[in-house]
Amino acid sequence: MSDKKDKDAKAKKKGGGMMIKIGGAVALLAVGGGGVFGLVASGILGGSKEKVKEDNKPKLIRKGEEDPFAPKPVEGKEGEGEGADGVKTDGEGGSEYRTVYYSFAEDFTSNLKDSQALVQVSLAASTRRDYRVILWIKKHELAIRSEVLAVLADTPEAEVQNPKGKGHLQARLTAAINKVLTAAEGSGGVDAVYFKTFIVQ
């Protein structure tokens, strides 16, 4: 009988030890699973929940490269950067990027700062980026006109009397246009402003 008692005691001990091992394994899995969940939820493991922002700013366009935003040429008319029979006319030297110009249809007329003199200018802007910049200039021309007139009104007469001062004014006008575009579209893109006419009276 004592053999039977020893066998029963060993069986109970073995069964109880097995339950402890299974219980321990379940506890470890629960703790480990919770830890992994915490790491995934915090973005440390498995990537972040935030989407990577795509750079949607206008891109520089190389000479000969197709601009996906440029208007398609009308049948029978020459396209941008093309001569007769659709032959590319971009030169091989100079900048590797092509330049597109936009001429403002109306002149800008303003008083000069602390002066009775008036300035009247006709302007054009250039970009080496994709055609969205030109589309944005057209779209926001009213706001751009207002900003350009504010810059002209804040310009002293002495500044417009010499080439250096006119160059400084061109830089300020470029910055003013880019300021409007950045506020409205999130990006500027105008490289330079040019005077087509410049009259002080």
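Why does glutamate 159 count as buried? The relative accessibility of glutamate 159 is 16%, and the residue therefore counts as buried, a term that applies under 20% relative accessible area, with exposed meaning over 50% and partly exposed lying in between (1.4 Å probe, protein chains only). The model is predicted, so that local features need pLDDT of at least 70 and side-chain atom pairs count only at pLDDT 80 or more, whereas totals for chains, interfaces and linings use all residues. Residues are numbered from 1 along each chain as its sequence is written, and side-chain values use heavy atoms, with hydrogens and water left out.

The chain contains 4 helices and 4 strands, where helices (H or I, at least four residues) and strands (E, at least two) are DSSP runs numbered from the N terminus. Along the sequence these elements follow the pattern α-β-β-β-α-α-α-β. Of the 201 residues of the chain, 28% count as buried.

Glutamate 159 lies in the loop between helix 3 (141–153) and helix 4 (163–185). Leaving aside residues up to four places away in sequence, glutamate 159 touches Gly165, Lys166, His168, Leu169 and Arg172, contact meaning heavy atoms within 4.5 Å. The side chains of glutamate 159 and histidine 168 are joined by a polar contact of 3.3 Å; such a contact is a pair of N or O atoms within 3.5 Å, of which, within protein, one must be able to donate a hydrogen and the other to accept it, and residues adjacent in sequence count only if both atoms are side-chain atoms.

At the start of helix 4, a side-chain oxygen of asparagine 162 comes to within 3.2 Å of the backbone nitrogen of lysine 164, and the helix is followed by glycine 186, whose phi is positive, near 95°. The buried residues of helix 4 include Gly165, Leu169, Leu173, Ile177 and Leu181, and their cover includes strand 3, helix 2, helix 3 and strand 4 (192–200).

The largest nonpolar core has 29 residues, and those with the most contacts inside it include Phe104, Ile144, Ile177 and Leu181; a core of this kind is a set of buried Ala, Val, Leu, Ile, Met, Phe, Trp, Tyr and Cys residues joined through side-chain atoms within 4.5 Å. Two or more residues of this core come from each of strand 1 (100–103), strand 3 (118–127), helix 2 (132–139), helix 3 and helix 4. Helix 4 gives the most, with 6 residues. Among the residues that leucine 181 touches, not counting those up to four places away in sequence, are Val133, Trp136, Ile137 and Ile144.
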